[in-house]
Amino acid sequence: MASTSHEPNSAASVAKAAKLAFEASQLVPSSERVKALYEIRKELENAKDEILAANKKDCAAAQVEVDAGRMSSSLLKRLDLTKGDKWASMLQGVTDVAELPDPTGVVTYATQLDDGLELRRVSCPIGVLLVIFEARPEVVVNIAALAIKSGNAAILKGGKESNETAQLLSKAIQTALSRTSLPSTYIQAIQTRAEVSALLALDQYIDLVIPRGSNSLVKDIQNNTRIPVMGHADGLCSVFLDESADIEKAVRVVVDSKTDYPAACNAAETLILHEKVLTTVWPAVAKALLAHDVQLLCDSPSLFALSSLNPAPANLSTHVHPSSPESYTTEHLSLTLSVLTVRSLEDAIAHVNTHSSHHTDCIVTENVTNGETFCQGVDSAGTFVNASTRFADGFRYGFGTEVGISTGRIHARGPVGLEGLVIYKYKLRSTGEKGHVVSEFGTGEGKKKYKHTPLPLSNS
């Protein structure tokens, strides 16, 4: 892996090297890719102390920026590799990806066109990925693991705030790859914005751009490249409390969706209330949220309902405020939740489809029909019933890890794992004595007819 201080005009050489590495890797057996993943995990374990020490330096430098008002606290939280089970999950993700079935060479369509002429549609890698991310240093490992397993080459660009950590993670991956037969330029790292700008113009080498970060980062990339972009610009997720919502479920789901990791893109930002739960379920949910130090931006009905709380929570006056129209289009990424009241399930669906980012949305209900209606009617990558929006994650879905979340309409949607990093090609094979030619087929006298006989889907 190249982890580097390339000059901007060398971006083309980086991209070209990645394309050549990708092409060469297609002849490397999949078992070698699996070996590379186990070597990466081993090397990360060996370098743990050094990597976490570097991460501590990055976090300390970032805290200075936060204190000076030049960086958001949510970005700092994403940077910390020691938070919760991040380190263990990162390592486990590598192992899980290694143990998943090979996503390449899978036959999804097979037919016999004629005697001795068989057509198969076979999954294959996309090519060269350009992955640009902010803060989250573990993305270096996530992307490398998924790219290697799926047979894609990758160029990685992390944010400057995670530079110390990312460099050591990259070094560990480079060391691990040196013990395999994969090309040395299979996974490369770049460091400057100038290189990113140059790479975004190189659609002859780069096949897919995956940005992971802020709204401004994603929008900027989408507006400045001809290369397909897979990702999402916002994580504006919502939870709807249906009129039949169970109080305990509502409290658990809403509190977890908001407070488990507020800076994540799958954290809830809007709570939608059916008007019939204003005096039943909502007070209990509000008390639980306030107990978790959540700031509530309420519309008039939900605000009025809290005025009669007895006893009133001690932080009611400091944590409950009137909402504004902008509240419902804001990704707070903090312990702040916008609250809206609607008259019906249909109104809730309409609000989500109009104001959400089509990431992940949830309904809490005891009515099976309402749950199905919500899931069918809401146009989001994830629609959940009685489950926290925080479940929208490749690791939790069983993908090993994820390359990112896609809210797009084509190719891949939701948490993107291995299946989202493969496309397909058609393989046509003739075993005829003279081969096959199209001119022999048609509707005239003496012309052959296509058989189009389905064949078993055995992997290529």
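Is Thr 225 buried or exposed? Thr 225 is buried, because its relative accessible area is 16%, and buried means under 20% relative accessible area, exposed over 50% and partly exposed in between, with a 1.4 Å probe and protein chains only. The structure is a predicted model, in which local features need pLDDT of at least 70, side-chain atom pairs count only at pLDDT 80 or more, and totals for chains, interfaces and linings use all residues. Residues are numbered from 1 along each chain as its sequence is written, and side-chain values use heavy atoms, with hydrogens and water left out.

The protein as a whole comes before its parts. It has 16 helices and 17 strands; helices (H or I, at least four residues) and strands (E, at least two) are DSSP runs, numbered from the N terminus. The C-alpha trace of the protein spans about 90 × 60 × 35 Å along its principal axes. Of the 460 residues in the protein, 54% are buried. Among the contacts in the protein with a separation of 6 or more, 76% are between residues 24 or more positions apart, where contact means heavy atoms within 4.5 Å.

Two helix pairs share helix α5. Helix α2 covers residues 30–46 and helix α5 residues 86–99, and their axes come within 8 Å and cross at roughly 165 degrees. Axes are lines fitted to C-alpha atoms, for helices over the stretch in contact, and angles run from 0 to 180 degrees between N-to-C directions. The helices α2 and α5 are therefore roughly antiparallel to each other, given that angles over 145 degrees count as roughly antiparallel, under 35 as roughly parallel, 65 to 115 as roughly perpendicular and the rest as oblique. The crossing of α2 and α5 is left-handed; a crossing has this hand if the near helix is turned anticlockwise from the far one by less than a right angle, and is right-handed if clockwise.

On the α2 side, the residues that make the contact include Val 34, Leu 37, Tyr 38 and Arg 41. On the α5 side, they include Trp 87, Met 90, Leu 91 and Val 94. The residues of this contact of α2 with α5 comprise 10 nonpolar, two polar and three charged. Here Ala, Val, Leu, Ile, Met, Phe, Trp, Tyr, Cys and Pro count as nonpolar, Asp, Glu, Lys and Arg as charged, and the others, Gly among them, as polar.

The other partner of α5 is helix α6, residues 139–150, whose axis lies 10 Å from that of α5 at an angle of about 5 degrees. That angle makes α5 roughly parallel to α6. Met 90, Val 94, Val 97 and Ala 98 of α5 meet Val 141, Asn 142, Ala 145, Leu 146 and Lys 149 of α6. By class, the residues of the contact of α5 with α6 are seven nonpolar, one polar and one charged.

With a relative accessible area of 13%, Gly 105 is buried. Gly 105 and Leu 37 are 68 residues apart along the chain, and their C-alpha atoms are separated by 19 Å.

Thr 225, the residue of the opening question, is found in the loop between α9 (215–222) and β7 (237–241). Its side chain reaches the backbone oxygen of Leu 200 at 2.7 Å. A polar atom of the side chain of Thr 225 also lies 3.0 Å from the backbone nitrogen of Ile 227.

A cis peptide bond, with omega about 0 degrees, joins Asn 310 and Pro 311, and Pro 311 lies in the loop between α12 (300–306) and α13 (316–319). Leu 333 is not a glycine, yet has a positive phi of about 55 degrees. Leu 333 is found in the loop between β10 and β11 (336–342) and counts as buried at 17% relative accessibility. Asn 386, also not a glycine, has a positive phi of about 55 degrees. Asn 386 sits in the loop between β13 (382–385) and α16 (394–397), and at 25% relative accessibility counts as partly exposed.

Pro 322 lies in strand β10, residues 320–322. At 62% relative accessibility, Pro 322 counts as exposed. Not counting residues up to four places away in sequence, Pro 322 touches Cys 298 and Leu 303. Pro 322 and Glu 433 are 111 residues apart in sequence and 79 Å apart in space, C-alpha to C-alpha.

Definitions and conventions. A polar contact is a pair of N or O atoms within 3.5 Å; within protein, one must be able to donate a hydrogen and the other to accept it, and residues adjacent in sequence count only if both atoms are side-chain atoms.
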